[in-house]
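This report describes selected features of a two-chain model. It moves from the contact between the chains to individual elements and then to details of the backbone.

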Amino acid sequence: MMWELAATVVEHRVRAPNQYELILHAPPIAETAQPGQFVMVRPMAVYAPLWRRPYSIWRANPDKGVFSIFYAVQGPFTELLSLKPVGATLSVLGPLGNSFQPVEGVKRHILVAGGVGAPPLSFLATRLVSGLPKGQRLVMLAGARRRDLLVGLDEFRALGAEVHVATEDGSQGYAGLVTDLLEQALSEPVPSAVYACGPNAMLQVVSQICRTRSVPCQISLDAPMPCGVGACGGCAVPIALPEGGVWYRRACVEGPVFRAEEVRWE
Amino acid sequence: MTDLRVRLGRLTLTNPVMTAAGCVGYGLEYAPLVDWSQAGALVVKTITLAPRAGNPPPRVAETPAGMLHTIGLQNEGVETFVREILPRLRTLGVPIVVSIGGETLAEYRAVAEALSQAEEIAALEVNLACPDTEAGYAEFGRSPERTTQVIETVRNATPLPLIAKLSPHAGDPVPIARAAVSAGAEILCLINSPWGMAVDAHTQRFRLATAVGGLSGPAIKPIALYAVWRVRQAMPETPLIGVGGICTWEDAVEFMLVGAAAVQVGTAHYMQPRVLTEILAGLRAYAESRQLERIETLVGALA
């Protein structure tokens with residue numbers, strides 16, 4: 001089920017310089033959202049900017065009827081979003097898309113986040129921890145260009161995850177790419193599953209690493225997305241068909257979470 | 001109470017607000033949010049003979065007051081459409097118009113024949129913007145000769161009411177409009193998406209995988225209004241459907257004033273899924289506040 005409704009702004013919580021957690025009151029969405037799902041947001045009543053924007057659901061609290069999304073102020077759309085005062089409403093369409101599926105029969109769940117990919121994995125981490133059998137480990141690998149762009153890692157630590165950080169400029173943790181941390185982690189012979197969210201270039205490398213080692217991997221893909229409900233065909237993801245050839249699936253309906261091995265990278 | 005019915009040749013609609021082909025998919029995707037039985041008609045996306053995978057991504061790009069798209073007619077093909085999708089469309093309680101496409105005259109004919117054997121299709125809308133592989137990939141709709149050939153081919157293949165959706169790339173739309181009507185189109189729909197382009201200065205790449213795509217949204221409304229007005233002046237007897245950037249009931253009224261008997265709403269659904277019913281409510285209030293007996297009295301008042 002999906003809804004288009006007027007969600008009330010509860011708070012713009014500062015999470016990093018110019019980066020916010022927007023908490024919205026919208027009970028039907030808060031009650032039904034699953035990790036990996038997203039909403040399409042429209043803060044304006046006019047047609048400029050034109051499109052709604054998709055945002056992954058960061059956290060949801062069904063009891064309070066609230067959920068949150070993460071945004072960084074860059075450009076006219078996010079500026080409009082940031083100007084919405086507490087108590088004002090904005091149009092939200094959702095929850096949309098499929099969700100991450102916890103893999104059974106593994107000893108270790110590895111979350112891999114690049115930049116703004118961390119918040120949506122936090123929702124998954126909460127779900128994984130609540131159902132985690134004894135002896136299973138939760139590992140969070142977070143990468144960003146600089147340390148101030150790392151967001152929401154405390155929540156992973158609070159859930160008991162082992163958190164490892166990579167920054168491209170070396171300002172925190174390992175100096176380099178988060179995919180290097182994944183290689184290192186997977187060199188440990190522990191049956192693992194990988195869940196990744198971040199830039200598509202990162203997801204491509206994550207997919208390759210997991211394929212080489214036959215590790216089950218789910219990735220949340222980003223694509224330009226006009227409608228969010230599967231009508232326009234804009235957010236096409238190339239899928240390798242088992243019988244050969246390519247078909248395009250919609251990131252908004254058949255995704256945004258795909259099994260890494262089914263995506264055909266261009 | 002204003003009578004909202006509009007007559008487009010043999011096709012009578014309960015009101016003049018339709019969806020635009022390609023924009024709302026098969027309509028089913030929006031069914032959880034939208035009551036399609038309110039619409040004058042639901043125009044489903046272009047169906048071709050064989051399934052088409054469509055174009056590689058990126059397929060869409062946002063532009064000022066508009067969007068570029070190059071979906072590449074991704075669809076399941078006419079056989080699957082008739083067997084699996086059409087039965088579900090019949091439950092929506094709205095007249096179904098099917099947009100048809102092809103890369104050859106034979107393909108247009110085969111799609112039209114297959115759909116004519118299906119029940120409960122209100123009309124066919126011929127998408128003339130398809131790549132014409134027999135003439136080197138220009139659109140069919142660019143030339144009056146090819147327009148005539150496509151429409152004649154479809155006309156001979158179907159008894160259904162026929163809408164020709166005209167390309168905006170033919171210069172003066174009137175010769176193409178006349179060609180389509182002479183060949184058997186009963187209704188004209190103006191306009192299909194003009195071609196456009198977007199370039200990313202930072203990456204020095206095109207923003208669409210195919211470089212060129214159709215432009216939709218409020219950006220094209222003035223072009224569409226002009227095309228409707230121009231054809232209405234030249235061919236006042238031919239029923240016209242206006243399409244291009246319609247987002248509000250005022251937009252719909254404007255198209256009717258310059259000669260459109262009905263309008264199609266497309267891109268606006270992405271911003272507001274229930275836009276069609278909003279437009280319809282606005283149109284009804286406008287007509288009643290002016291004590292119009294029939295909404296049709298607006299049509300062409302400014303043409």
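Two residues are taken to be in contact if their C-beta atoms, placed from the backbone, lie within 7 Å. On that basis, the buried residues of helix α3 of chain B pack against α2 (105-116), β8 (123-127), β9 (162-165) and α4 (173-182) of chain B. The model is predicted. It scores ipTM 0.93 and pTM 0.95. Chain B has a mean pLDDT of 96, with 100% of its residues at 70 or more.

**Contact between the chains**

The contact draws on 27 residues of chain A and 29 residues of chain B. On the side of chain A that touches chain B, β14 (236-240) and β15 (246-250) of chain A each supply at least two residues. The most comes from β15(A), which gives three residues to that side. By residue class, the side of chain A that touches chain B consists of 20 nonpolar, three polar and four charged residues.

**Helix α3 of chain B and its surroundings**

Helix α3(B) covers residues 144-155, twelve residues in total. From its first C-alpha to its last it reaches 16 Å, close to the 16 Å expected at 1.5 Å a residue. Its buried residues are R146(B), T147(B), V150(B), I151(B), T153(B) and V154(B). Seen down the axis of α3(B), these buried residues fall within an arc of 160°, so they line one face of the helix.

One of the elements packed against by the buried residues of α3(B) is α2 of chain B, and R109(B) lies in that helix. R109(B) counts as buried because it has 20 C-beta neighbours inside 10 Å, and 20 or more is the cut-off for that class. Leaving aside residues up to four places away in sequence, R109(B) touches T153(B), V154(B) and A157(B). The C-alpha atoms of R109(B) and E152(B) are separated by 9.5 Å, although the two residues are 43 apart along the chain.

The loop between β8 and α3 of chain B contains A135(B). With 15 other C-beta atoms within 10 Å, A135(B) is partly exposed. Its C-alpha atom is separated by 37 Å from that of H202(B), 67 residues apart along the chain.

**Helix α3 of chain A**

In chain A, helix α3 comprises residues 118-130. Its 13 residues should span 18 Å at 1.5 Å a residue, and the end C-alpha atoms are 19 Å apart, which agrees. The buried residues of α3(A) include P119(A), P120(A), F123(A) and L128(A).

**Strand β6 of chain A and its partners**

Strand β6 of chain A (residues 66-72) is mostly covered, with six of its seven residues buried. Strand β2 (residues 19-25) of chain A is joined to β6(A) by seven bridges, and the two run antiparallel. Within this pairing, L24(A) has F67(A) as its bridge partner in β6(A). Strand β5 (residues 59-61) of chain A also runs antiparallel to β6(A), and three bridges join them. Here R59(A) has S68(A) as its bridge partner in β6(A). The hairpin of β5(A) and β6(A) has four residues between the strands, and G65(A) in this hairpin takes a positive phi near 70°.

**Backbone details**

Most residues other than glycine have a negative phi, and most peptide bonds are trans.

| Feature | Value |
|---|---|
| Peptide bond from G94(A) to P95(A), cis | omega near -5° |
| Peptide bond from L190(B) to I191(B), cis | omega near 10° |
| N18(A), positive phi | phi near 70° |
| A211(B), positive phi | phi about 65° |

P95(A) is in strand β7 (residues 89-96) of chain A, whereas I191(B) is found in the loop between β10 (187-190) and β11 (195-197) of chain B. N18(A) lies in the loop between β1 (3-16) and β2 of chain A. A211(B) occupies the loop between β13 (205-206) and β14 (212-216) of chain B.

Are N18(A) and A211(B) exposed or partly exposed? N18(A) has 14 C-beta neighbours inside 10 Å and therefore counts as partly exposed. A211(B) has 12 such neighbours and therefore counts as exposed.

Conventions. Residues are numbered from 1 along each chain as its sequence is written. Chains are lettered from A and ligands numbered from 1 in the order in which they are written. This is a predicted model: local features need pLDDT of at least 70, side-chain atom pairs count only at pLDDT 80 or more; totals for chains, interfaces and linings use all residues. Ala, Val, Leu, Ile, Met, Phe, Trp, Tyr, Cys and Pro count as nonpolar, Asp, Glu, Lys and Arg as charged, and the others, Gly among them, as polar. The expected span of a helix is 1.5 Å times one less than its number of residues. The arc is that of the directions from the helix axis to the C-beta atoms. pLDDT is the predictor's confidence in each residue, from 0 to 100. Two strands pair if DSSP finds at least two bridges between them.
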